[in-house]
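Subject: Structure for you to look at

Hi,

Here is the structure I promised to pass on. Please open it alongside this message, and my notes follow below.

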Amino acid sequence: MKRITALFLLYSFAMGFALTGTAVAAGQPLIVGFAQTGAESAWRTANTKSMKDEAAKRGITLKFSDGQGKQENQLSAVKNFIAQHVDAIVIAPVVETGWGPVLKEARDAKIPVIISDRTVKVDDDSLYACFVGSDFKTEGKLVADWLVKQTGGKGRILELQGTPGSAPANDRHSAFANAIATTGLKIIDSQSGDFRRDNGKQVMEAFLKKYKKGDFDIVYAHNDDMALGAIQAIEDAGLKPGKDVLVVSIDGLKEAVQAIVDGKINCVVECNPLAGPVVYDAVQKVVAGQPVPRISYNKDELFDATNAKAAVSTRQY
Ligand code: AHR
């Protein structure tokens with residue numbers, strides 16, 4: 001706690017939170033720049049909608065940039081926001097590394113940065129105000145723990161990874177691998193499907209050329225879109241997803257929870273994309289010079305055959 005308070009004070013000091021001259025002080029609408037990752041998945045579409053809708057609701061002027069899955073696009077978007085003197089910048093970083101210099105530029109310009117959805121790795125914690133999003137390590141561990149329980153700790157796993165270098169791909173892989181390390185569950189192959197449905201299908205098709213029925217037992221997809229693509233490939237190959245092969249994934253799309261009800265996916269761990277309210281709460285506090293927690297994690301649920309039917313109608317994305 002002491003460390004968090006110290007970090008906040010350090011950050012506030014570094015940013016020079018003198019509110020004179022800011023939109024808040026002048027009673028004008030806040031101007032926020034949002035450097036979004038891209039539009040790779042249904043999760044991302046829901047995330048963008050939540051950020052846009054909530055900004056409109058709060059009278060925040062949102063400058064939105066779609067990074068199209070490329071860090072270089074996100075870096076130029078952030079530089080543009082700095083040049084436009086926005087009141088705050090929100091980044092959902094496509095990959096974890098390479099953010100130090102642009103965050104320093106924002107700090108020099110006294111523009112606070114809120115990191116949302118995916119974490120960054122930087123040497124200096126005072127380069128951004130706070131992180132708001134899901135705990136990807138917990139997600140990976142929850143999926144692994146569910147599998148250990150269901151299989152008695154035995155099975156050969158094909159892993160569909162997210163975007164290389166991204167926090168969710170790194171964390172969902174490492175936490176999952178750690179959690180199964182001492183069990184008889186083994187990852188026998190692993191390929192990136194870039195969090196995209198088409199790529200998930202293609203990677204699964206390639207796996208199915210390499211591995212026949214009986215060579216593997218489980219498909220672990222880092223997101224629902226890739227799982228839904230993989231299911232299609234499994235069905236096209238004449239196998240029954242959810243029965244011949246266990247399918248587990250992360251996000252909690254309504255479509256994926258419905259696939260549990262239909263018996264095609266076995267377990268989904270939620271990763272809530274509806275970030276608008278929590279992100280702008282943080283933005284408004286930071287801009288007003290109020291303290292915010294260094295890290296705020298969403299509370300995410302797990303869906304399987306025991307609760308999917310009751311949950312499906314309430315899914316908002
Ligand atoms: O960063 C969150 C991940 O990115 C979601 O799991 C995935 O669907 C998205 O593309």
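Let me start at the ligand, where a polar side-chain atom of R172 lies 2.8 Å from one of the ligand's oxygen atoms. Please keep in mind that this is a predicted model. S41 also places a polar side-chain atom by a ligand oxygen, at 2.9 Å. For E40, the distance from a side-chain N or O atom to an oxygen of the ligand is 2.4 Å.

Take α3 (residues 42-58) and α11 (residues 276-287) to begin with: their axes come within 8 Å and cross at roughly 55°. That angle makes α3 oblique to α11, and the crossing is right-handed. On the α3 side the contact is made by S50, M51, E54, A55 and R58, and on the α11 side by G276, P277, V279, Y280, D281 and Q284. Sorted by class, this contact of α3 with α11 has five nonpolar, three polar and three charged residues.

Next come α8 (residues 197-210) and α9 (residues 224-236), whose axes come within 7 Å and cross at roughly 40°. With that angle, α8 is oblique to α9, and the crossing of these two helices is right-handed. From α8, the residues making the contact are R197, G200, K201, M204, E205 and L208, while α9 brings D225, M226, L228, G229, A230, Q232, A233, I234 and D236. The contact of α8 with α9 divides into seven nonpolar, three polar and five charged residues.

How are α4 and α5 oriented to each other? Helix α4 (residues 71-83) and helix α5 (residues 100-108) pack at an angle of about 10°, with their axes 10 Å apart. That makes α4 roughly parallel to α5. Here L75, V78, K79 and I82 in α4 meet V102, E105 and A106 in α5. By class, the contact of α4 with α5 has five nonpolar residues, two charged ones and no polar ones.

Best wishes

Key: Residues numbered from 1 in each chain as written. Predicted model: local features only at pLDDT ≥ 70, side-chain atom pairs only at ≥ 80, totals over all residues. Heavy atoms only, no water. Axes fitted to C-alpha atoms, helices over the stretch in contact; angles between N-to-C directions. Helix = DSSP H or I, 4+ residues; strand = E, 2+ residues; numbered from the N terminus. Parallel < 35°, antiparallel > 145°, perpendicular 65-115°, else oblique. Left-handed = near helix turned anticlockwise from the far one by under 90°. Contact = heavy atoms within 4.5 Å. Nonpolar A, V, L, I, M, F, W, Y, C, P; charged D, E, K, R; others polar. Polar contact = N/O pair within 3.5 Å; in protein donor to acceptor, adjacent residues only side chain to side chain.
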